Amino acid sequence: MRIVGLTGGIASGKSTVSSLFKAHGIPVVDADLVARDVLKKGTGGWKKVVEAFGEDILQDNGEVERLKLGRIVFSDPDKRQLLNRLLAPYISSGIFWEILKLWMKGYRVIVLDVPLLFEAKMDKWTKPVIVVWVDPETQLQRLMARDRTSQEEATNRIQAQMPLDLKKTKADIVIDNTGSLDDLNVCFRKILFQVTKPLTWTEFALSRQGAFVAFISIFVGVLICRKTL
């Protein structure tokens, strides 16, 4: 099984690339969706976060108000690190089960979409690693336009993440998304060819099909040994 790592920065266009993979039949494990699930009312993650940040972050129905929590952690690095520590075990577990379900279904290539791929050390699970990159000014302008936020708030949110220029140096594949959507589609088609090429022997061995072949080989080997004894 090939697990492709996909990351970027806020307003870099990572979600657009993720959607392109889905449109071409490549399943995507989205860490943001997993994070939403682990924050649902009554879950272990919800209890930890409410205990740490207080009930002021809750809506009337008891669910976490993500925008309010986001404003708190984006303006305070210590609280952001606290939130990451509290949720990391639940998110990692959720991602593992999503990958396992896709493995059971027989998928050979999946995409792991994680904003904090490098920060969470999840890049060790993936090969290749794709980083969706834009220059700082483009990132700032896109974020302000998308969220209708002030320059100060947008800057704080960008600075709360690892710089895209640094992520770029850690990537196996870089998607430059400073151009148009048509430019992105052209670039994506080239990358799709790369990530869907035949699996290596190691990747095949980690797939469901590889496990089945290994089981059959062992079974046949045992039968042969019994006949020769």
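Helices (H or I, at least four residues) and strands (E, at least two) are DSSP runs here, numbered from the N terminus. This is a predicted model, where local features need pLDDT of at least 70 and side-chain atom pairs pLDDT 80 or more, while totals for chains, interfaces and linings use all residues. Residues are numbered from 1 along each chain as its sequence is written, and side-chain values use heavy atoms, with hydrogens and water left out.

The protein chain has 11 helices and 5 strands, and its C-alpha trace spans about 75 × 45 × 25 Å along the principal axes. Of its 229 residues, 41% count as buried, meaning under 20% relative accessible area with a 1.4 Å probe and protein chains only (exposed is over 50%, partly exposed in between).

Let's start with helix H5, residues 77-104. Its 28 residues reach 39 Å from first C-alpha to last, close to the 40 Å expected (1.5 Å times one less than the number of residues). There's a kink of about 45° at Leu87, shortly before Pro89; the bend is the angle between axes fitted to the seven residues ending there and the seven starting there. The buried residues of H5 include Leu86, Leu87, Ile91 and Ile95.

Now Arg2, in strand E1 (residues 2-7). Despite its charge class, Arg2 counts as buried because its relative accessibility is 3%. Polar atoms of the Arg2 side chain lie 2.8 Å from the backbone oxygen of Val195 and 2.8 Å from that of Lys197.

Most residues other than glycine have a negative phi, and most peptide bonds are trans.

A cis peptide bond joins Lys127 and Pro128, with omega about 0°. Pro128 sits in the loop between strand E3 (109-113) and strand E4 (129-133).

Which helices each supply at least two residues of the lining of the second largest pocket? They are H6 (136-147), H7 (151-159) and H8 (164-170), with H6 giving the largest share, 3 residues. The lining has 14 residues, and Pro136, Gln139, Ile158, Pro163 and Leu164 lie nearest the pocket's centre. By class, 8 are nonpolar, 4 polar and 2 charged. (Asp, Glu, Lys and Arg count as charged; Ala, Val, Leu, Ile, Met, Phe, Trp, Tyr, Cys and Pro as nonpolar; the others, Gly among them, as polar.) A pocket is an open set of points on a 1 Å grid over the protein atoms alone, where a 1.4 Å probe fits, with protein on both sides within 12 Å along at least five of seven lines; lining residues have an atom within 4 Å of a point.

Note on methods:
A polar contact is a pair of N or O atoms within 3.5 Å; within protein, one must be able to donate a hydrogen and the other to accept it, and residues adjacent in sequence count only if both atoms are side-chain atoms.
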